[in-house]
Amino acid sequence: MNFSKRIIAMDQSPIRKLTPYAERAKEHGKKIYHLNIGQPDILTPKSFMNAIKNTNAEILKYTSSQGIPELIDAFINFYKEYNFNFERDEILVTNGASEGLFFSAIAIADDGDEILVPEPFYTNYQGFLSATGIKTVPVPTSASTGFRLPNKETFSSYITSKTKAILLSNPSNPTGIVYTLEEMQLIADIAKENDLFILADEVYRDFVYDNIEFHSFMNMKEIEDKVILIDSLSKRFSACGCRIGAIITKNKELIAHILKLCQLRLCCPMLEQIGAVELLKTPKSYFKEVLCEYEQRRNVLYNELQKIPNIVFHKPEGAFYVIVKLPIENAEDFAIWLLNDFDINSETVMLAPAKGFYSTENSGMDEVRIAYILNEDDLKKSMYILKEGLTKYLSIKNR
Ligand SMILES: Cc1ncc(COP(=O)(O)O)c(C=O)c1O
């Protein structure tokens, strides 16, 4: 049997690739601290489950392909708090940000077209694009310069006649940076001059620390018809399993096109949409507490990382990830070794090797991505395990 070139070219998710090693380690009685995946441990607001328990629906029906009207209205009200004003025909409910990214890419680029993505990037971007025949064109950034964007001339040098869009997450998974207004203006100018869409993935919009001011591309009036906002309830409400996200754009023609894709998959799950309406009404105070908790975890992580010699990292400004450059050659080998061959009192850590967050060959080989989604005690323990593990690994390799 033959399989498509498209599917063969796709890589396994680097976040889950090491799962078989982790499962084996667990079978051998090891406890694993998962630093590899962005699954928050914060409780989902009860309003979600309550709304589902209390529904008097008797049939699980197909709902509107666009999303149930109550949910569209709930999104509109929710965005008012961010000074975004949307109309009903500017929002499509999607199965998470993932489907929103997938559908948007299909709608704005053809087979062989190119989308620019600051690198390192959320690893699934490459999967969404390659599955639809679109080429990911990385715009390299590096740990040594804190993953800041290059200047306009360098950024623009990656544009060809096939470039259709710039895709980026802000705050960034995996680097933890929050783009400055200057960086956003640079992207906005490039998009305007070259007639490109901006796929602005803002699923971590609320996770911004140190009182840094967050700027959304949606607030840049001069490019509003070019901005496609990708959003999700997954992280904000610790509701990754509810699979509700949204595509939001002032470009109504684009919405009409993407709606055709929404119609193909008929609708998002009915009960989850009912629950999501209530999630979007969650008082702001809920998120204040969540933010405090994450900022504290970020601080713990930062302090603990500083105790590890010869590594390079930057204080994350947002989201809940950091890329760490290690004094080793092959971070994947190290991550596997931690699972297979190392433990402290039968405990070890699982890291995500960062090479999967790069598409430039041989980039990120010596880096890992850490998700700081553990409570303070577990985070401290896991950073200690990482420190001791690194020392032992280096002593073995340098023998
Ligand atoms: C930057 C980014 N975009 C999109 C997603 C996917 O979100 P969803 O669960 O809404 O599909 C993730 C998940 O980790 C992410 O980190």
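Modeller: The chain is divided into domain 1 (5-43 + 285-397) and domain 2 (47-282), with bounds that come from an automatic or database domain assignment. This is a predicted model, in which local features need pLDDT of at least 70, side-chain atom pairs count only at pLDDT 80 or more, and totals for chains, interfaces and linings use all residues. Residues are numbered from 1 along each chain as its sequence is written.

Taken over C-alpha atoms, the centres of domain 1 and domain 2 are separated by 26 Å. Across the boundary, 37 residues of domain 1 are in contact with 36 residues of domain 2; contact here requires C-beta atoms, placed from the backbone, to lie within 7 Å. On the side of domain 1 that touches domain 2, two or more residues each come from helix H1 (5-9), helix H11 (284-305), strand S9 (321-325) and strand S12 (367-371). Helices (H or I, at least four residues) and strands (E, at least two) are DSSP runs, numbered from the N terminus. H11 gives the most to this side, with 6 residues.

By residue class, this side of domain 1 divides into 21 nonpolar, 9 polar and 7 charged. Ala, Val, Leu, Ile, Met, Phe, Trp, Tyr, Cys and Pro count as nonpolar, Asp, Glu, Lys and Arg as charged, and the others, Gly among them, as polar.

S9 and S12 also belong to an open antiparallel sheet of 3 strands, in the order S9-S12-S11; strands pair if DSSP finds at least two bridges between them. S9 and strand S11 (352-353) stand at the edges, each with a single partner strand, so one side of each has no neighbour in the sheet. The antiparallel pairing of S11 and S12 runs over 2 bridges, and Ala-352 stands opposite Arg-369 in S12.

Terms used: Contact = placed C-beta atoms within 7 Å.
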